[in-house]
Amino acid sequence: MTLPDSSFLPAPLWVITVLHVLTLSLHFAAMNFVLGGTLIVLTGRFDRRWGNPTIRRFIALLPGAMAATVTLGVAPLLFLQLAYPRQMYSASIVSGWFWFLVIPAVIGAYYLLYAASFSGKEGVSSKARFLWPALFALLYVSLVYSSVFSMAEHPDLIQRLYAQNQTGFQWNPDAGNYLLRWLHMILGAVAVGAYFVGLLGKDDPETFPVAKRLFGYGMAGAAAAGFGYLVSLNGILAGLMRTPAIWGLIVGILLSLGSLHFFFARRFLPSGLALFVSLVLMVISRHQLRVLRLQGHFDPASWRIAPQWFPFLLFLICFASAAMLIVYMVRLFFSSRPDSL
Amino acid sequence: MQYPFWNLAVGYGVLMAGVAVLHVFISHFAIGGGFFLVVMERSARKVADTERLEFLEKLSRFFVLTTLVMGALTGVGLWFVIGLLNPAATEVLIHNFVWGWAIEWTFFVVEILAAILYYYGWKRMAPADHMTLGWIYFFFAWLSLFVINGILTFMLTPGTWLVKGDFWDGFFNPTFWPSLVLRSAIAVMLAGLYALLVASRCKPDAFKVRMVRQTAWWGIAGLAAALPSLYWYWRAIPATITAAAIEALPTPMRALHYSQWLAGALAVLLILFGLIVPRRLHLSLAMVIMVAGLCWFGSFEWFRESIRKPYIIVGYMYGNGVEVRDTDTYKRDGYLSQIAYRSGDDGADLFRHACRSCHTIQGYNPLKPAFDGTDRAFIGAIVPNAHLLLRGNMPPFLGTASEANAIAAYLEAHLDRRPLSAIYGLQGIKLGEKVFQVRCGKCHPMGSPQDKTKSLAGLTQEEYRNLLNNAAGYGQGMPAFTGDEAERSVLIAYFRTLKAGGEK
């Protein structure tokens with residue numbers, strides 16, 4: 001009996017890439033809300049931090065945003081593992097314990113965010129006791145992700161680290177390859193978090209100026225870290241400049257500036273749209289960078305394509321239905337009144 | 001063997017079980033609990049039972065905090081863990097079922113949002129709208145089970161997928177439906193048991209009596225539906241798999257068998273303290289009932305995971321990640337040429353990739369106690385034939401003779417190499433019995449079909465000596481007796497105590 005060969009992609013590579021980029025962008029938006037928002041709540045210069053109703057409302061939204069971060073984070077990882085299994089699994093195995101500890105860290109952060117949202121009705125700072133450790137847990141997760149995903153782009157490094165130690169305690173030592181990228185992500189999260197805080201507190205004279213300031217600082221910091229990261233790419237940067245992704249990057253930078261402009265002008269819809277599109281373009285550049293880094297080691301285009309069209313169609317139908325159902329449920333939640341029946 | 005190997009101090013089985021057990025207990029509750037909440041809410045609203053509605057709201061907080069956080073994240077954790085422990089199998093599953101997983105993800109997103117809105121909507125939504133969210137939650141939670149059940153059952157019974165490689169053949173495999181019904185019933189049972197925990201903490205009044213009775217019925221109904229579905233599931237598994245499991249996996253089979261007594265005890269407890277004297281149901285007793293239910297469910301999961309051995313995907317991939325279709329390549333070229341990530345120690349690399357996914361040196365399923373006091377020649381003879389000697393629940397060793405020796409050398413370096421008499425402090429017949437256990441009993445346990453003591457009884461000293469001298473010639477995989485003269489003598493002395501039929 002000839003057994004099936006499982007080395008294939010069940011859809012053309014571009015489909016997998018589009019889905020990865022789309023879902024990763026959604027994940028980043030939610031993650032930035034939680035990570036950037038928590039950072040802002042804890043460190044922003046608010047006069048009455050814990051007594052401020054906007055801050056309290058924002059904290060109440062954190063567990064829901066965390067749920068969105070987790071659920072929206074599943075799909076991009078799935079599509080990434082589909083196209084780059086050798087790179088992804090190998091990097092995570094070499095850092096096995098750090099990777100595994102992501103789960104308890106996220107569980108801890110999640111419960112702490114719930115605890116923060118349920119606590120401190122009198123405006124005391126008990127919320128801080130929950131939010132600080134939650135923030136550290138989230139920073140740990142983000143750092144592990146940066147370390148592992150960066151390692152996944154360097155198969156030689158994985159080989160070398162594995163030869164040294166096989167117990168899963170290898171941290172990516174090539175900090176130059178991911179620390180600036182990580183910093184860019186964190187500062188970008190501050191900018192996006194500030195957008196959400198500002199949106200929620202658009203009529204709050206205490207919150208909005210802080211959000212405005214942090215949006216600006218976050219954006220400037222992210223741009224500086226991102227620029228530093230690009231410079232550190234050396235030869236890869238030249239390759240990136242020969243791909244269409246460089247135009248995406250330029251448009252993304254312009255859109256980020258546009259987003260800042262609209263936000264300062266209190267035009268939140270165009271600001272949010274520009275911010276999200278710039279996020280998508282950043283994800284595309286990031287993807288292009290991965291492809292370039294892996295050149296000579298692995299080309300995802302080398303996969304045999306054996307489309308499973310009907311299951312794929314079913315997925316698209318479920319995806320569209322889920323989106324409609326989400327809109328329906330949210331509308332139902334906000335429109336329903338206890339006395340309406 | 002395209003991946004590095006995570007050389008965990010704990011066994012793979014331990015880590016996997018730790019995460020998986022937690023996840024299945026919570027995820028099944030997540031389904032049944034959603035059903036329970038919305039059905040109970042509906043009946044409470046019909047009679048305007050505000051006390052019961054308050055109870056349900058309290059339960060929904062426990063439900064959301066348990067299922068949304070622990071349920072969802074242990075599910076993600078399980079995915080992380082399988083990628084770390086068996087990346088090759090995970091890769092096969094993802095390539096074949098990515099759209100299944102992607103569909104499940106859309107259900108998961110709806111399920112999570114519905115649960116959050118349902119929880120926050122108790123006081124702020126119209127009852128009908130609130131229940132709509134409850135129904136959406138339950139329906140999508142169950143649909144998640146529907147999809148995951150297809151991928152999970154595929155691993156045990158891939159069916160005609162092995163011939164055609166078709167998505168739907170693999171998904172709707174022979175155990176899909178019985179497993180779905182069984183798991184749905186278990187979800188209902190667990191909903192009742194978890195709710196019983198909350199109900200047991202109510203004041204001992206008429207309300208508690210009512211709540212305990214109602215929740216106990218859920219437990220009883222779920223259990224009543226689960227038992228015949230378990231039988232259906234057992235019947236749907238190909239006889240070759242069940243027969244091999246009965247012969248080679250006595251412990252999980254026995255656990256499954258005895259757990260049916262647990263199911264009986266669970267039914268009695270539910271009827272007694274749930275229906276007859278509900279007022280007497282205290283938290284501690286509710287916890288005992290819960291533990292009994294989880295142990296019963298856990299024994300099924302253990303059985304299900306165990307009977308796949310030696311495969312991770314039956315007929316397609318062995319537990320150590322070797323694809324069946326690559327057998328000839330491995331036989332021809334050996335393992336080392338296929339191992340992509342090397343540590344510089346061939347013996348260690350070979351041991352990890354060929355054996356370590358099930359065995360540790362000294363932790364879970366350890367080899368050290370089995371081989372302490374033996375030598376490289378003995379281990380080197382066992383390794384290539386372990387799948388024959390151990391009756392089929394081990395993947396075949398597909399490496400070369402020199403690779404088997406490299407594994408033997410690696411193992412030997414980790415063993416206690418003193419004589420068995422020094423290791424165990426034994427002398428005389430007792431030592432002979434230990435020598436028998438170490439050198440013979442692994443493949444010829446007394447009372448098993450491989451028990452050869454019947455033919456050993458009553459031989460002369462000289463015949464026993466000849467037997468040991470020529471052991472390597474008695475059958476495929478039989479190792480030579482490599483013990484020293486002292487061990488040889490006490491083993492013969494032990495043989496001389498045997499009576500026909502293997503009795504001492």
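Start at the boundary between the chains: across the interface of chain A and chain B, two salt bridges are found. The model is a predicted one.

**Stop 1: the interface**

Select A:Asp5 and B:Arg325. These residues form a salt bridge, with 2.9 Å between the closest N and O atoms. Now widen the selection to both sides of the contact, which takes 76 residues from chain A and 76 residues from chain B. Chain A and chain B bury about 7,200 Å² between them, and 74% of that area is on carbon and sulfur atoms. Across the interface there are also 20 residue pairs in polar contact, both residues being at pLDDT 80 or more.

Next, colour the side of chain A that touches chain B by element. At least two residues each come from β1 (8-9), α1, α2, α3 (85-94), α4 (96-100), α5 (102-118), α7 (155-164) and α13 of chain A. Which element gives the most to this side? Select α13(A), which supplies 16 residues. By residue type, the side of chain A that touches chain B divides into 57 nonpolar, 16 polar and three charged.

**Stop 2: the second largest pocket**

Select A:Leu61, A:Gly64, A:Ala65, A:Ala68 and B:Leu113. Of the 36 residues that line the second largest pocket, these lie nearest its centre. The pocket holds about 1,500 Å³ of space.

The lining consists of 31 nonpolar, three polar and two charged residues.

**Stop 3: the cavities**

A search of the whole structure finds six cavities of 30 Å³ or more. The largest cavity has a volume of about 590 Å³. Select A:His27, A:Met31, A:Thr69, A:Val141 and A:Tyr145, which are the closest to its centre among the 34 lining residues. Then show α1, α2, α5, α6 (126-152), α8 and α12 (268-293) of chain A, together with α2 (50-85) of chain B: these are the elements that give two or more residues to the lining.

Keep α2(A) on display here, as α2(A) gives the most to the lining of the largest cavity, with eight residues. The lining of the largest cavity has 25 nonpolar, six polar and three charged residues.

Move on to the second largest cavity, with about 180 Å³ of space. Where is its centre to be found? Select B:Phe5, B:Leu85, B:Pro87, B:Asn320 and B:His353, the closest to the centre of the 19 residues that line this cavity. In chain B, α2, α3 and α13 (346-354) each supply at least two of the lining residues. By type, the lining of the second largest cavity divides into 11 nonpolar, seven polar and one charged.

**Stop 4: a salt bridge within chain B**

Over all chains, the structure holds 27 salt bridges. For one of them, select B:Arg45 and B:Glu41, whose closest N and O atoms are 2.7 Å apart. How many residues separate B:Arg45 and B:Glu41 along helix α1 of chain B? Show residues 12-46, which make up this helix: B:Arg45 and B:Glu41 both lie in it, four residues apart, about one turn of the helix.

Definitions and conventions
Residues numbered from 1 in each chain as written. Chains lettered and ligands numbered in written order. Predicted model: local features only at pLDDT ≥ 70, side-chain atom pairs only at ≥ 80, totals over all residues. Heavy atoms only, no water. 1 Å grid on protein atoms, 1.4 Å probe; cavity = no way out; pocket = protein on both sides within 12 Å on 5 of 7 lines; lining within 4 Å. Points joined across faces, edges and corners; volume = space filled by probe spheres on them. Nonpolar A, V, L, I, M, F, W, Y, C, P; charged D, E, K, R; others polar. Contact = heavy atoms within 4.5 Å. Buried area = accessible area lost by both parts, 1.4 Å probe. Salt bridge = Lys/Arg side-chain N within 4 Å of Asp/Glu carboxyl O. Polar contact = N/O pair within 3.5 Å; in protein donor to acceptor, adjacent residues only side chain to side chain.
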